[in-house]
Amino acid sequence: MGTDVDDAASVEFHAFFERHYAELARLAHLLTGEADAADDLAADALLALWHRWDRVRAAEHPVAYARGVVANLARTRIRGAVRERRRIALFWSQREERAENPDVAGVVDVQAALRRLPFRKRACVVLRHAFDLSEKDTALALGVSVGTVKSQTSKGMAELQRLLGTGGAPQRLQAAMARGGEAGGRDR
């Protein structure tokens with residue numbers, strides 16, 4: 001049996017879930033580049049939020065808190081994948097057949113270019129350009145200063161332009177991000 005307070009919290013959380021699940025899944029997809037994992041990461045983040053719902057609902061910016069949880073879960077997933085790749089690379093290190101091509105063709109998939117960015121730069125670029133968040137909101141979501149958001153976004157965009165090899169990279173980036181995150185849903 002629930003109390004009125006528990007019922008009110010449940011209704012409030014359900015409304016929060018309905019409003020923000022698609023956005024959080026899209027964020028997870030853009031941060032990890034894995035469409036299949038996006039829904040799982042968003043669900044895991046919302047489960048974590050539910051367990052701390054009293055604290056989350058009392059927060060000044062609950063959506064920023066939720067985005068931060070998604071970013072942290074994505075970071076953990078990426079680190080795990082990197083560790084796994086290193087293990088595989090060590091296993092196969094006897095076969096040194098590397099095909100490195102520093103002169104990548106001018107047509108580079110934007111999501112592949114995003115995956116090449118370090119996590120913090122990627123998160124800043126995605127939140128600022130795909131989600132149109134302000135520097136302050138991005139800083140809140142990632143738990144960093146506004147100055148860090150400014151510098152990481154600038155450096156990330158410069159690196160993407162270099163990777164994409166065109167002057168029109170920002171427009172291509174925004175267009176691809178708008179389309180690329182739709183696997184997790186787009187609800188704005």
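At what angle do helix 6 and helix 8 pack, and how far apart are their axes? The angle is about 95 degrees, and the axes sit 8 Å apart. Here axes are lines fitted to C-alpha atoms, for helices over the stretch in contact, with angles running from 0 to 180 degrees between N-to-C directions. On the helix 6 side, the contact is made by Arg 120, Lys 121, Cys 124, Val 125, Arg 128 and His 129. Helix 8 brings Thr 148, Val 149, Gln 152, Thr 153, Lys 155, Gly 156, Met 157, Glu 159 and Leu 160. Contact means heavy atoms within 4.5 Å. By class, the residues of this contact split into five nonpolar, five polar and five charged. In that scheme Ala, Val, Leu, Ile, Met, Phe, Trp, Tyr, Cys and Pro are nonpolar, Asp, Glu, Lys and Arg are charged, and the others, Gly among them, are polar.

A word on the model itself. It is a predicted one, in which local features need pLDDT of at least 70 and side-chain atom pairs count only at pLDDT 80 or more, while totals for chains, interfaces and linings use all residues. Residues are numbered from 1 along each chain as its sequence is written, and side-chain values use heavy atoms, with hydrogens and water left out.

Now for the overall layout. The protein chain has nine helices and zero strands, and its elements run α-α-α-α-α-α-α-α-α from the N terminus on. Helices (H or I, at least four residues) and strands (E, at least two) are DSSP runs, numbered from the N terminus. Of the 188 residues in the chain, 39% are buried; buried means under 20% relative accessible area, exposed over 50% and partly exposed in between, with a 1.4 Å probe and protein chains only. Take the contacts between residues at least 6 apart in sequence, and 72% of them join residues at least 24 apart.

Lys 121, which lies in helix 6, is buried, with a relative accessible area of 17%. Setting aside neighbours within four places in sequence, Lys 121 is in contact with Gln 152, Lys 155, Gly 156 and Glu 159. His 129 is also in helix 6 and counts as partly exposed at 22% relative accessibility. His 129 and Met 157 are 28 residues apart in sequence, with 9.7 Å between their C-alpha atoms.

Helix 7 has contacts with both of these helices. The axes of helix 6 (residues 119–130) and helix 7 (residues 135–142) come within 10 Å and cross at roughly 135 degrees. That makes helix 6 oblique to helix 7. Ala 123, Cys 124, Leu 127 and Arg 128 of helix 6 meet Glu 135, Thr 138, Ala 141 and Leu 142 of helix 7, a set of five nonpolar, one polar and two charged residues. Between helix 7 and helix 8 the angle is about 100 degrees, with the axes 8 Å apart, so that pair is roughly perpendicular too. There, Glu 135, Lys 136, Thr 138 and Ala 139 of helix 7 meet Val 146, Val 149 and Lys 150 of helix 8; three of these residues are nonpolar, one is polar and three are charged. The loop between helix 6 and helix 7 holds Asp 132, which counts as exposed at 51% relative accessibility. Phi of Asp 132 is near 55 degrees, a positive value in a residue other than glycine.

What about the core? A nonpolar core is a set of buried Ala, Val, Leu, Ile, Met, Phe, Trp, Tyr and Cys residues joined through side-chain atoms within 4.5 Å. The largest one has 46 residues, of which Leu 31, Leu 49, Val 126, Phe 131 and Leu 160 touch the most other members. At least two residues of this core come from each of helix 1 (4–32), helix 2 (35–51), helix 3 (53–58), helix 4 (62–91), helix 5 (110–116), helix 6, helix 7 and helix 8 (146–164). Helix 1 gives the largest share, nine residues. Not counting residues up to four places away in sequence, Leu 49 touches Phe 13, Phe 16, Val 56, Tyr 65, Ala 66 and Val 69.

Notes. Parallel < 35°, antiparallel > 145°, perpendicular 65-115°, else oblique.
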